[in-house]
Amino acid sequence: MNKKIILLLPVIAGVFWGSVGLFIRTLHNFGINSITILSTRIVLASIILFIGLILFDRDSLKIKLKDIWLFIGSGVIGVMLLNLCNNEAAVELTLSLAAVLLSLAPIFAMFLSAILFKEKITLKKLFCLVLAIFGCILVSGILESNSTLQLSLNGVLFGLLSAIFWALYGIFSKLSTNKGYSIYTTLFYSFLFISIVLSPFTDWANFGSFISLNPITNIPFAFAHTLFTSICPYLLFTIAITHIENGRATILCSGAEPLSATIFGFLLFRENPTILNIIGIIITIIALSILIKSNDNKEMGK
């Protein structure tokens, strides 16, 4: 696969994840809780992936019992706890601060990857990391003079945990691909174990009421929610970390997510960016561009 295309994959994944708020706002306004929002999209993703694998790639459904811990790790410890902790941080803190804390995931990913995969921490990576995080802080708006920043020890803890779990997803995913499992296997079993854990706590009646209220509109909405926030981004990100370092992929993804969320907010909800927001966008784009244009071929996977 072309190197530049590979480097764009985590960026595109970040853009998809940046659209999460569009769906969450609609579902929250209907009174659907966070666990139900996460569970319904993951269960639907599991069904879609299972049907696809049955039809086109049944071998990807085969796993060894001794490797189940990898998929529990990437699913329950990674995806599920990331989302639940981020939701709690968003309740305890301002959305902007919660987003900034989540954007610290590259720091944890970089150091965990250095320990587990012997990936080098270069000066260029550190520079891009610092630049991208600084840009994200500006985009978040927490430095604005009229900011109504609210602090909570629990909220900060949940925010940091969401970043750690995001980094751990990349670690577990890379471990499973190193054992020869396809990206489809990793995704399906990750989503399957989340579905098993969350289904008993899901308010299926409330979600059913949402669908039945306007099936023509809300059924496609539910599928779009699943495709854009679960299947597509996780697929692209998992493909990326099979070809490039986990730390680099996480930096690219973490930079693109808050940027796209800001743009979506401006286009769809009239959340006008300030001068600092615009400067932050420019700084983060510069950081991503430096990282993407890197010619260090030794850091690319075969």
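Predicted model: local features only at pLDDT ≥ 70, side-chain atom pairs only at ≥ 80, totals over all residues.
Colleague: OK, and what's the mean pLDDT of the protein chain?

Modeller: It's 82 for the protein chain, with 90% of the residues at 70 or more.

Colleague: Which residues have pLDDT under 50?

Modeller: Residues 295-302 stay under 50. The model still has 16 contacts for residues 295-302 beyond four places in sequence.

Colleague: Switching to helix 1. What does it span, end to end?

Modeller: Helix 1 covers residues 3-18, so 16 residues by the helix assignment. From first C-alpha to last it reaches 24 Å, close to the 22 Å expected at 1.5 Å a residue.

Colleague: Where's the kink in helix 1?

Modeller: At Leu9, about 25°, shortly before the proline Pro10. Both Leu9 and Pro10 are buried, and the buried residues of helix 1 also include Ile6, Val11 and Trp17.

Colleague: Now Thr40. Is that one buried or exposed?

Modeller: Buried: Thr40 has a relative accessible area of 7%, and the cut-off for buried is under 20%. Thr40 is in helix 3 (residues 34-56).

Colleague: Which residues does Thr40 touch, leaving out those up to four places away in sequence?

Modeller: Thr202, Trp204 and Phe207.

Colleague: And what lies 3.2 Å from a polar atom of the Thr40 side chain?

Modeller: That's the backbone oxygen of Ile37.

Key: Residues numbered from 1 in each chain as written. Heavy atoms only, no water. Helix = DSSP H or I, 4+ residues; strand = E, 2+ residues; numbered from the N terminus. Expected span 1.5 Å × (residues − 1). Bend = angle between axes of the 7 residues up to and from the residue. Buried < 20%, exposed > 50% of the residue type's maximum accessible area, 1.4 Å probe, protein only. pLDDT = per-residue confidence, 0-100. Contact = heavy atoms within 4.5 Å. Polar contact = N/O pair within 3.5 Å; in protein donor to acceptor, adjacent residues only side chain to side chain.
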